[in-house]
Each structure stands twice: as C-alpha cells, then as structure tokens.
Amino acid sequence: MIFGERIRAGLVGIPSSGKTTIFNLLTKSSAEVAPYPFTTKDKNHGVMIMFDDIVERIAKVMKSSEIKYPALEIVDVAGLVRGAHKGEGLGNEFLSYIRPLDIVIYVLRYLKSVPHIEGADDIKRDFETLRYEIAMKDIEILSRAEEKLKKPAITGNKEAKVKIEIIQKMKKAVDDFFKYGKFSLDLTSEESKVDLKDLEIICSKPWFVILNTDVARDRWSELVSGISVPKVLVCDAQMELEFEESDLLQEGIVPLRHHITDAVLSVANVIVYYTGFEGKELRSWIAQSGISVYEAAGFIHSDIQKGFISADVASAYEYIKYPSDSEAYKNGVFRTVGRDYKLNHRDIVRIKFK
Ligand SMILES: Nc1nc2c(ncn2[C@@H]2O[C@H](COP(=O)(O)OP(=O)(O)O)[C@@H](O)[C@H]2O)c(=O)[nH]1
Ligand SMILES: [Mg+2]
C-alpha cells in the first residue's frame, strides 16, 4: 500500500546510461557525473517534487496560503554490468538499496557521444542484461529464504511449507520477468495470507523504462520501436539539465519530471487527492487507488479517523470552474459522503470529525 507524501523509486541501468544525470535533472542537485563508468560507487538519494498541472488552479480558487506537494524519492545506484551477480563490476550488492523501494525505473541508453561499456549501443541487449542480473539477484534471495525454511517444513511447520510453495511460484515469475518482461504471481487464498515481507524482490515491483539518448527527436520513435515494454519515456537528460522547465515548455518540450510523475502514478496505480480549507494550506497526497475516505483520514491524523463523521468531497476538475470556494459550495460541487466512499483521482476532501 502506498500512502501519503512520498513514493520511492530506484534508478537501475548499466554504467554510463545517464542515471546520475537523470537523478540530477529530477532532483536538481549536483551529484558527481563523469564520462567514465562507476562514478557512483555508493548511492545518491534525493527528492523530486511531483508535477501537478491543476494544483495551482485549485490554490487560486481556495486562496490557499501555501501548497504542499507529494515527492518522488529517488535512489541512484552504481551501474549494473553483465556478470554482476558473479561479482563483475561492483557486483550487485548495491541492489539491496533498490529492494525496499516502491518502483523501479530501468534506464536504457542510446548515446552517440558517450562510450558504451560493451563497445556499441544496443538497447534490447542492455535491457536483457539488466533483467538477467536483477533476476539472478532475486533468485539468490529467494533460494536463501527457501533454504532456511526447509528444516521447519520437514519437521511439520505448516507455514514453512506454504511459504516454500510461494517461493517456487515466485521463482517461476522471476524467470518469466527475465524472459518476457512480465512478472505475475497467482497465489491461492491461503498463500495470500502469508506475510511475504522478508521475500521482497526487485522483479515484482511496478516498473517503467527511461530511454536516455542524444540523437535527434525525430528518431525517438524509431529507437523505442526496438523494445517492447508497457511504458517507456524517451529523454535527452543532459540537454534538459541545461534548461529550466519553463524554457523547455516554451520550446514545446514536456519536461521529464512531468512524464515521470504520470508514469509513476500509472504503473504504481496511485491517485492524487487534496485536503485544505479556504485561506489555509493546500496539501496534495498520494494513495493507492481504491483507498476509502476513512483510510485516508487515518493517514492524515489518527484523531481525524477516530472521530470521523463524514466528508465533503469535490472533484478538483469541477471545483476549479468556480471563482471562489463559497461559489463552488453554493453550486453544489461538494457532496457529503460516508466512510466507505472510495476516493477518486484528484478529489478534494474535507473531513468532518468529532
Ligand atoms: N549528450 C548526452 N550525454 C549524456 C546524456 N546522459 C548522460 N550523458 C553523459 O554520459 C556520461 C555518463 O552519465 P552519468 O549520468 O554519469 O551515467 P551513469 O553512470 O548511468 O550514472 C556523462 O558524461 C554524461 O554527461 C544525454 O542525455 N545526452
Ligand atoms: Mg552514476
């Protein structure tokens, strides 16, 4: 379940694919970037403010004193190379930084002006290398967990037995991710009750691809057609880094930060909702789609949940059609809902509580 003010993503790619450049672009910090592999030995950790094309218009109607945005926390780690699972490059231990995160962003490259560690650019091959190395790491983790469960399973521990069955299913799903880029796990109702926290792996996470390139825009669609993945964003991170977002927009270029926000919401199945009263702070939140207003209340404050009476809810798209908060109210944009109401993307929520 994803709730609240931040969602966490990790950048995974081969060395010199532009991970740190993308990290810098998104966080506008200045981690070390260099034209040779393995500059990022440990990890960079930063925050990207999620883009929202509507929140400022809400704030205007609400006369908000300030706006709070959700953040995408980004972790940039060292590059993965072929054979990393056997200790090549920096090995793959640094993948442990990625494992606790919510989303994986695979960074692929097609860079004419930057040497490739394997000699030449090949997007499809690189993506296979990444999937393979990640899959090997995941299998290693699953096998280790399986090993530990064998003894209790033999001596009759029911949960250990069920968990071993799950692990075997997961291994199959990891293999499918490597082969076909698709992870799907079908658990029985008994299996889905088991706590799988210690079986956290990378292949099972929501993911998308950024293809980073320095070739002209009119060749981008041709580049993308080389790989078949559900979601891929193309960018020239180095170029974008040299401009402000407003400059890019003026040139008709949608900044990577905007695309990433959309991609994150869609692959992680996350919605945005707002809380705030006239003249006060307007706050925007993220939550797993399907969340009830009562669950959301608990996240905002446990007292708000405990004393929950009802909530006034309005779609932000309707709300911004009015010149003021009171006009919106007068025109019936807000309606009162009970605790089971499921929040929609871009709902404005005002909870009444005792
Ligand atoms: N022209 C161009 N160069 C890039 C781009 N992205 C990265 N680079 C260059 O490629 C080199 C490696 O980038 P870096 O971000 O350190 O890659 P990392 O190893 O994946 O973190 C640096 O010299 C960057 O300036 C890009 O989109 N266009
Ligand atoms: Mg780097």
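Two strands are said to pair if DSSP finds at least two bridges between them, and helices (H or I, at least four residues) and strands (E, at least two) are DSSP runs numbered from the N terminus. The views below show a predicted model, in which local features need pLDDT of at least 70 and side-chain atom pairs count only at pLDDT 80 or more, whereas totals for chains, interfaces and linings use all residues. Residues are numbered from 1 along each chain as its sequence is written, and chains are lettered from A and ligands numbered from 1 in the order in which they are written.

**View 1. Strand 7 and its parallel partners.** Strand 7 (residues 207-213) pairs with strand 8 (residues 232-235) in the parallel sense over 4 bridges, and Leu 211 has Val 234 of strand 8 as its bridge partner. Strand 6 also runs parallel to strand 7, joined to it by 7 bridges, with Tyr 110 opposite Thr 213. In a regular strand the side chains alternate between the two faces of the sheet. Here both faces are covered, with Trp 207, Val 209, Leu 211 and Thr 213 buried on one side and Phe 208, Ile 210 and Asn 212 buried on the other (buried means 20 or more other C-beta atoms within 10 Å of the residue's own, exposed 12 or fewer, and partly exposed in between, with C-beta atoms placed from the backbone).

**View 2. The largest nonpolar core.** This core, a set of buried Ala, Val, Leu, Ile, Met, Phe, Trp, Tyr and Cys residues joined through C-beta atoms within 7 Å, has 83 residues, and those with the most contacts inside it include Ile 58, Ile 105 and Tyr 319. Its largest share, 7 residues, comes from strand 6 (residues 103-110). Domain 1 (132-199) and domain 2 (290-353) both give residues to the core, so it lies between them; the domain bounds come from an automatic or database domain assignment. Residues up to four places away in sequence aside, Ile 58 touches Tyr 274, Leu 282, Ala 316, Tyr 319, Ile 320 and Ile 348, contact being C-beta atoms, placed from the backbone, within 7 Å.

**View 3. Helix 1 and the residues around it.** Of the 9 residues of helix 1 (residues 19-27), 9 are buried, among them Lys 19, Phe 23 and Leu 26. Lys 28, which follows the helix, has a positive phi near 45°. In the loop between strand 2 (6-13) and helix 1, Ser 16 has a positive phi of about 60° although it is not a glycine.

Definitions and conventions. Contact = placed C-beta atoms within 7 Å.
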